[in-house]
Amino acid sequence: MRRLLALAGLAAVPLAVLGVFFVLPVSGMLAEGFWADGTFDPGAVAEVLARPRTQRVIWFTVWSSVLATACALLLGVPAAHLLHRRRFRGRAALRALLLVPFVLPTVVVGVAFRELIGEAGPLGFLGFDGSAGAIVAGLVFFNVAVVIRAVGAAWESLDARPAEAAASLGAGPARVFLTVTLPALRPAIVSAASVVFLFCATAFGVVLTLGGLRYSSVETEIYLLTTNLLDLQAAAALSIVQLLAITALLVVTSRLRAVPDPTLARSTARPPRVARGDWPGVLAVLLVVVLVGLPIAALVSGSLQVGDGWGLDNYRALTTEGSRQALLVPVTQALVTSLRTAVDATWMSLGLGLLVAVVVTRRSRTRTERRARSLLDGLFMLPLGVSAVTLGFGFLITLDEPPLDFRDSLLLVPIAQALVALPLVVRTLAPVLGGIDDRQRQAAASLGAGPLRTFVTVDLPVMWKPLLAAAGFAFAVSLGEFGATSFLARDDNPTMPIVIFHLIGHPGAMNYGMALAASVVLAATTAVVMLLVERLRVPSVGAF
Amino acid sequence: MRSVRACAPMLALALAATACSTVGESSGSEEPGDGATPTEVVLVTHESFALPKKLVRQFEEQTGYDLVVRASGDAGVLTNKLVLTQDNPLGDVAFGVDNTFASRALDEGVFAPYDAPLPEGAEQYRLPGDEENALSPVDNASVCVNVDDTWFADQDLAVPTSLDDLVDPAYEDLFVTPGAATSSPGMAFLLATIGAYGEDGWQDYWASLMDNGTQLTDGWSDAYQVDFTQGGGKGDRPIVLSYDSSPAFTIAEDGTSTTSALLDTCFRQVEYAGVLAGAANPEGAEALVDFLLGPDVQAALPESMYVFPVDASVELPQEWAEFAEQPTEPLTVDPEAIAENRDEWLREWSDITSR
Amino acid sequence: MLSVEHVSVSYDGAPAVVDASLRLDDGQVLAVLGPSGSGKSTLLRAIAGLEPLAAGRIRWDGDDLAGVPTHKRGFALMFQDGQLFNHLTVARNVGYALRLRRTPDAATRVQELLELVGLQGYGDRLPGTLSGGERQRVALARSLAVQPRLLLLDEPLSALDAELRERLASDLRDILRAAGTTALMVTHDHEEAFAVADRLAVMRAGGVVQEGEIAEVWRAPADPATALFLGYARVLVGDAAATLLRAAGLPAAPAVAVRRSALVVADDGPLRGVVVSGRATPGQIRLVVDVDGVGEMDAVAQHGSHPAPADRVALTVDGGRLAVTPFGR
């Protein structure tokens, strides 16, 4: 009983936040759909689901997301090996670079991608523009970093000895990987895959921009239905589909993630240099670098173009308010706003995520307790799978009365971003926390260490790297978040993506150049922050 | 006490974090207590809204109210937000609902009647069907097909002039437009074709348009900046859907514009301001609507929001006066018909364009 | 003084410990012996405060420990595999609890402890570089550092090889004696229990079946199963038991547990039997003999005698290697 109470106590804060800022708004929007004109009318919602268009949209969403997730895994897992288990020059810089796509506003990435693959672009001959292939490539571009970081964080501290033991028993590298390493990494891989799948399934800009409007996903359809047609019944129907799909996904992944013994031996050995046997990793990293690097290169070269020549004029202009005062604030000020918001979103999501991760990974004594924990685990994944539009409108109609009068609050933007980042944080931390032998904590407790001290002694030393990785994620998510932010942002304090969207949405070569330059600045800032975060050491960890 | 040392690094991190966070700042929008005189006017608008700081200060000095701007989403998002929150409105004034969405807002009773005195020449922009004059026209911009004149000169090809020309095989694979489902100018272009070919004729026109290699993009920036030959990204399509004001932004070194708008292909979007029903500060709201219609804001509109003022007496910026020509007889569709058929038209349009 | 009173613990409804009672006086070492799955480790964890009780009470010096969390019980728990903190040096591991309590002169105390467990000079090593035996010694030193009122040892030696286990068992005994530590050790190995403990409690199927002075329990196992678990080779009942006891010159009893070396080939022995098989070991020859009126039994013969299968031999019974047990349970 005490344990359950303690569990509830730890979970209370994240649950309250999720309840107020997710469950309430989303149910509000669903209610609008089900209670059209004040009468309960679920039939209309069901009718929407029977439409051939709805079914086509759902089918496209499923297969494109599955394909993109598979590609992200195929590239990301070997790349994670090279980037987290091998030592080479420029490794930290490369890791930071690969996180950059995560923060770039879709509208800019769309432009960068299309400058490459469009009819007039250097890769135009591929005929890729407007195809489903382009959509999948775009989704992989955005999400491969998730796989690399989440899997890499788990791989980094994996004990090499079981693999060496298998090798000494005559297993070749492939066999060692399949029989020893992969099972140990499975929770992390499944976690990453489920997050990536949700990101893909709810991708918005990529599908529209790169698909040339020929493809609709559930997310774009909800956007259209809600913002353009105000057909809330149909939107509710699709939101229900999203919720059901996530639930199914969570059930499947929690099965896949469950391993008989989550305990992992940890080692802190220095990684070896790159050797010949690492070719899959090298190949994957090269592919990822091309995939991520080309659009970024296009972006950088575009930002340096001034008239027919080259120059830094676009960058100099960032401290102004646009060629015709298109913006109320200089881009530099928007960058400051972005960074501050990101700091807030980061600490919120880390705090909540840590609590959730601790709660869901503590060993359960009873089946009820186990169920409660896995239910909690799933609950916090939900914000990833539900449309930002639904959430955004839901905020407006449910959080408008005291004591929950938040719709004009400055906190709403970082909170919304923290909710989006939360599943990433949890999924990065939970596998690592779950991998800690519970008896380590018991040993500390029996020596007289209280819960907090036990956490510092046992959990933190193993956790700080994944914690930093999670912080990086949360920060990047916040810097790049556009969907919810554009719904909530106030014009006197716009964030970078909003400003970039503004700039690129108006004619004039200068505005275009500034938009690209601002994107480069945003990307570079992110990369620098990531580099700094990776260099951070928690100085006191060894002290207890 | 023992745990204090354990917490110290975390505490330091937390402090460092809050030092540069936004949370600590006051929001500056405290609600006045019941019965107190309202001290602020809240303007709900779309994300393209921009007003020079000087004008904001001017309004605040003139009226004594603080102006709070809540800007987000596009015109569609704005309208739907207003509809969904009409029981507890987001602010006092809404600006940015256009003539393609206005009927929905009016039908739902979002706006309170306020017959603001309109400036000279603005009467023609009134929303047909708005009998109570709840909405005041503030600005207008016409969505028109734009062409790259230099490209056609280089290719020795006659510049197209009409919607009909766009389906001429001579102009195959040259046109790019944002889609109607995802973009506000895209929707306006669909309405232009409905205005031109009628509610039963536009479908065939669009089928021919697609057969002639028209490219659809997500939004305006994709079409103009990436695919248009005179856009930022130097694409390869010389005909694009944009605005009547766009030629003012493509001025070459010799002082002439490289592009022009085809004035027979235009659909005019008018943006309205109105007092929200249930506004906390109706007096302030009316003052703000008046202010938006006043000569200072009207004069600032082209520079800050890329739109034409409704006030005919306002002097336009030099490039605008020279290169941004407005259509005299734009194509029109009845706002009521738009409200009624938007869903159906978009569905038909999606079917035709994704075939 | 630890007293465990009618304690039950269950996992998700399945009982692991049922109505177990124990007593442990200060300064004594109690071994809880039982096969795997007998609930002995669960009982240990319950005493440590790591498992909630379904019923019963655990007291220390009369105070009920319910509601006292693990870290406030002052019981140190040493795991089978040590559970050292791998990121801390040996000295920091050993000094962990000392630092928690801000003990002055912690460094000196750590040196003393390392000396006590025979690991002088190991202070700066990381646990990853130690052998299994060394790791257990470090774990022991870490547990002893703050002189816990009770030391809980969970199969402390079972991860080690036989020779090391034997040596460490006697070391452990000496160290515990020297420190005057009250300890409760859980093990499945009766030799380990015998080497380290003063008292013995035997658990089976979640319950304590016998508790007492170690020699006492040894001499009189509570039932046949306990006898077998304590290393007796066979348990005889009925006529066979009567015949054997008579041969040993002991009063009749319903059951008797017999050690492997209780029957010795001797020409003047009272029992007769036919050798079934034989095997030579360095000390003696081990036989299986079909004893008249008793059945197949283990027996030993001195080197020099040459009993071959099918030979008839005479046997004496060493009464000190028999244990009369109550019949069944």
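Student: In chain A, where is confidence lowest and where is it highest?

Tutor: This is a predicted model, in which local features need pLDDT of at least 70 and side-chain atom pairs count only at pLDDT 80 or more, while totals for chains, interfaces and linings use all residues. Residues are numbered from 1 along each chain as its sequence is written, and chains are lettered from A and ligands numbered from 1 in the order in which they are written. Since pLDDT is the predictor's confidence in each residue, from 0 to 100, the mean of 73 marks helix 21 (residues 483–488) of chain A as lowest, and the mean of 91 marks helix 3 (residues 52–85) of chain A as highest. Helices here are DSSP runs of H or I with at least four residues, and strands are runs of E with at least two, numbered from the N terminus.

Student: What makes A:Val147 part of a nonpolar core?

Tutor: A nonpolar core is a set of buried Ala, Val, Leu, Ile, Met, Phe, Trp, Tyr and Cys residues joined through C-beta atoms within 7 Å, and buried means that 20 or more other C-beta atoms, placed from the backbone, lie within 10 Å of the residue's own. A:Val147 is among the residues touching the most other members of the largest core, which has 277 residues. Helix 6 (residues 132–156) of chain A gives this core its largest share, 18 residues.

Student: How many residues does chain B have, and what share counts as buried?

Tutor: Chain B has 355 residues, and 53% of them count as buried; its secondary structure comes to twelve helices and ten strands.

Terms used:
A residue is buried if 20 or more other C-beta atoms lie within 10 Å of its own, exposed if 12 or fewer, and partly exposed in between; C-beta atoms are placed from the backbone.
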